[in-house]
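Here are some notes to read alongside the model, written for someone opening it for the first time. Keep the viewer handy and go point by point.

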Amino acid sequence: MNRRTTRHRLRVLSGYVGGVLLGAVLWQVIGTIAPHEVFDSLSDTLARLWQIILDGTLGTALWTSFQTYLVGMVFALIIGAFGGLLLARRQLLRIALEPYAIALYATPMVGIIPFLLALLGFGFWPKVVVIILFAFFPVLLNTQRGAQSISPELLDVARVYRTRERDIWRHVILPYTLPFLMTGVRQSLARGLVGMIAADFFLSSDGLGGLLITASERFDTAEMLAITLVITVIGLALMAIGRALENHFARWRVG
Amino acid sequence: MPTVTEVEPMIHVDHLGKQYGERTVFSDISFDVNPGEIVSIVGPSGCGKTTLLRCVVGLMKPSHGTVLVSGTPVVDPPEGVAMVFQHFGLFPWKTIAANVAYGLTAKGVSMKDAAPRVHELIKLVGLEGFEKSYPYQLSGGMQQRAGLARALAVEPGVLVMDEPFAALDAQTRDILQLELLRIWGTRSAAMMFVTHSIDEAVLMGDRIVILRGRPSSIFDIVDVGIPHPRGRETVDTDRFRTVRDYVWRAVMHDEADDTPLPTDADAVRIEPQSHRNMNGHDHG
Ligand SMILES: Nc1ncnc2c1ncn2[C@@H]1O[C@H](COP(=O)(O)OP(=O)(O)OP(=O)(O)O)[C@@H](O)[C@H]1O
Ligand SMILES: [Mg+2]
C-alpha cells in the first residue's frame with residue numbers, strides 16, 4: 001500500500017470516527033436536556049442496555065426473533081427464487097400471476113398483518129408468514145428480471161452444443177440468474193427485519209419488537225432506545241452480509 | 001455410361017424460406033456447401049443472414065424447404081455442428097478453459113477427460129496462460145479466439161459463423177481473419193461465414209452468396225477463385241479486386257439504379273441468369 005492510499009484511508013477513518021463522535025455527543029446533550037419520557041441520554045441508554053444484556057432479557061428476545069427471522073427468510077428465499085424463475089421462463093404463468101405480485105408489492109404490508117392475525121391467530125407461524133410477505137418480493141422480482149435478461153445468444157450457444165433442456169437450467173439459466181437473486185437477497189434481508197419487528201408489534205409480547213412495545217408501555221425510554229440501537233446494529237450487519245453475498249456471486253459481472 | 005462422382009455436400013440448403021407472421025424474411029434459398037469449403041454470405045442488414053444460419057444449424061425451424069447436413073434433415077442442432085457468435089457467446093461465469101470445453105462437457109464428458117483437447121485448442125488459438133481467466137478479463141479479440149476454440153473442440157464437420165469479427169476493432173479483425181484461415185488449413189469442414197464486410201467475404205470465401213431484395217433471395221453466387229493458402233497479400237491481387245468490386249456493386253446496387261454491373265462481372269458469376277432477375281445490369 002503506498003502513502004497516498006494510506007493517507008486517504010486515514011482521512012476516511014477520521015471522518016467516520018468524527019461523525020460517530022458528533023452523533024454520540026449530540027445524543028448525550030439532547031438526552032440530558034430533554035424530559036426522560038421523551039428522550040434519554042446515551043449514557044443512560046448504554047447503562048440500560050448493559051442491564052438487559054446481563055439479566056438475559058435481550059438474549060431471550062434476540063433468540064426468539066432470530067428463529068422466526070431465519071425460518072421466514074428461508075421460506076422467502078425459496079418462494080422468491082422459484083417463483084421468479086417460473087415467472088421468467090413460463091410466459092403463461094407470468095401473464096396470469098404478475099398482476100397479483102405487483103398488487104401485493106404495492107400494498108403496504110403492515111396493513112395485512114391484522115388480517116393474518118384474524119386468519120392465523122398468534123404464535124410462531126403467523127409471524128413467519130409476515131416475514132415471508134415482507135421479504136420474498138425483492139428476491140422474486142430480481143430473480144425474474146435476471147432470468148429474463150439472459151441473452152438469447154447464450155441460450156443459442158447452449159442449444160447449438162446440444163445441451164439438454166434440464167441441463168440448460170442447470171448450466172445456463174441458474175448460474176446466470178444467481179447474482180441477480182443475490183441482489184434480491186440483499187434487499188430482502190432488511191425488509192425481513194422490518195417484517196420481524198412489525199410482526200412482533202402485532203402478534204406477540206416476546207421477540208425484539210415485543211420488548212420494544214413493553215418498554216414503551218412502561219415509558220422506559222432508555223430501554224426503548226437501547227433496543228432500537230440493537231435493531232439498528234443488526235440492520236447494519238445484515239446489510240453488510242447482503243453486500244458481501246452479492247459481491248461474491250457477482251464476481252463475473254464486472255465489466 | 002460415365003458415372004459422375006459428385007462429392008456429397010456437407011450442407012444442402014433446399015428452397016429455404018422463413019416468415020415471421022405476415023412478414024417473409026427470405027424465400028427460395030438454395031445452395032450447397034462442400035466439405036472443406038468456405039461460403040461467405042453477404043447482404044444488407046436485416047435481410048435474414050442470422051435467420052438463415054439459425055435455420056441451418058437447427059436453432060430455428062424454417063417455414064419452407066429443408067436443410068440437410070451430411071445428408072440428414074436438420075430438425076434440432078445436429079452432432080458435429082458448431083457455431084461462432086457475433087458477441088462471442090462465452091458464459092461469463094465460466095473460465096476460458098471451461099468455456100472451450102463446453103461442447104464436450106455438455107455431452108457429459110468430464111472436464112478432466114476434455115483437458116488434453118482443450119489445452120491443444122487453447123494453444124492453437126494462442127490463448128495459452130489464460131485458461132483460468134474469466135471472459136471479462138480478456139479483450140474482445142481474445143474472447144473470440146476462445147469462441148473459435150470452443151467451436152473447434154467438437155471437431156465440427158460444419159462450422160457457421162455469424163459476423164464473428166464484427167464486434168472487434170479493425171486491426172484485431174485483420175489478424176483474426178488470417179488466423180482463422182491458417183487454422184482452417186489444418187482441418188477440413190464446411191463453413192458458412194456471414195459478414196457485413198465485403199473485403200472479408202472475399203478474403204475468407206471460396207464462394208460468396210449474395211442476398212438481396214425484400215423479401216430477400218439469392219441474387220447471385222460468386223466464385224472467388226483465389227487459391228489457398230491466402231494471406232495479407234491476397235487483397236493486393238487483381239482477382240481480389242475484381243471479385244470485391246463485383247460483390248460490392250451487387251450488394252449496393254439499388255433497386256432503382258440502372259447502372260450496369262462491371263463488364264468483367266461474367267468472370268466471377270457462376271450461377272448467372274437464373275438468379276439475376278430483377279433490374280439494370282442486363283442493359284449494359
Ligand atoms: N424472432 C423474431 N421475430 C420476428 N422477427 C424477427 C425475429 N428475428 C428476426 N426477425 C426479423 O427478421 C429479419 C431478419 O433478421 P436477421 O437477424 O436474420 O437479419 P440479419 O441479416 O442477420 O441482420 P444483421 O445484418 O443486422 O445482423 C429482421 O427484419 C428482423 O427484424
Ligand atoms: Mg445478423
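What percentage of the 255 residues of chain A count as buried?

1. **Ground rules.** This is a predicted model, in which local features need pLDDT of at least 70, side-chain atom pairs count only at pLDDT 80 or more, and totals for chains, interfaces and linings use all residues. Residues are numbered from 1 along each chain as its sequence is written, chains are lettered from A and ligands numbered from 1 in the order in which they are written, and side-chain values use heavy atoms, with hydrogens and water left out.

2. **Burial, chain by chain.** To settle the opening question: 44% of the 255 residues in chain A count as buried. In chain B, which has 284 residues, the buried ones make up 52%. Here "buried" means under 20% relative accessible area, "exposed" means over 50%, and "partly exposed" is in between (1.4 Å probe, protein chains only).

3. **What the chains are built from.** Chain A has 10 helices and 0 strands, so its elements, read from the N terminus, simply go α-α-α-α-α-α-α-α-α-α, where helices (H or I, at least four residues) and strands (E, at least two) are DSSP runs numbered from the N terminus.

4. **The overall form of chain A.** Have a look at its outline. The radius of gyration of chain A is 23 Å, while a compact globule of 255 residues would come in near 18 Å. That radius is taken over C-alpha atoms, and the globule rule is 2.2 Å times the number of residues to the power 0.38. Along the principal axes, the C-alpha atoms of chain A fill a box of roughly 70 × 65 × 30 Å.

5. **Contacts along the sequence.** Take the contacts with a separation of 6 or more: in chain A, 74% of them join residues 24 or more positions apart. For chain B the corresponding share is 67%. A contact means heavy atoms within 4.5 Å.

6. Chain A exposes about 14400 Å², with carbon and sulfur atoms supplying 71%. Chain B has an accessible surface of about 12500 Å², and 52% of that belongs to carbon and sulfur atoms. These areas come from the Shrake-Rupley method with a 1.4 Å probe; for residues, only the protein chains shown count as cover. As for charge, chain A carries 22 positive and 15 negative charges, whose mean positions are 17 Å apart. Lys and Arg count as positive and Asp and Glu as negative, leaving out His and the chain ends; each charge is placed at NZ of Lys, CZ of Arg, CG of Asp or CD of Glu.

7. **Where the chains meet.** The contact draws 28 residues from chain B and 17 residues from chain A. Between them, about 2200 Å² is buried, and carbon and sulfur atoms give 61% of this.

8. **Arg48(A).** This one sits in helix 2 (residues 42-54) of chain A. Is Arg48(A) buried or exposed? Arg48(A) counts as buried because its relative accessibility is 19%. Beyond its neighbours within four places in sequence, Arg48(A) is in contact with Arg218(A), Asp220(A), Ala222(A) and Glu223(A).

9. **Glu8(B) and Ser70(B).** Glu8(B) lies in the segment before strand 1 (11-20) of chain B and is partly exposed, at 49% relative accessibility. Setting aside neighbours within four places in sequence, Glu8(B) touches Pro35(B), Ser70(B) and Gly71(B) by the contact cut-off. Ser70(B) belongs to the loop between strand 4 (64-69) and strand 5 (72-73). Ser70(B) has a positive phi of about 50 degrees, although it is not a glycine, and is partly exposed at 38%.

10. **Backbone spots to check.** Glu155(B), also not a glycine, has a positive phi of about 45 degrees. Glu155(B) is in the loop between helix 5 (140-153) and strand 7 (158-162), and is exposed at 56%. There is a cis peptide bond from Arg214(B) to Pro215(B), with omega near -5 degrees; Pro215(B) lies in the loop between strand 9 (207-212) and strand 10 (217-223). The bond from His228(B) to Pro229(B) is cis as well, with omega near -5 degrees, and Pro229(B) lies in the loop between strand 10 and helix 8 (238-252).

Notes
Buried area is the accessible area (1.4 Å probe) that two parts lose on being put together, summed over both.
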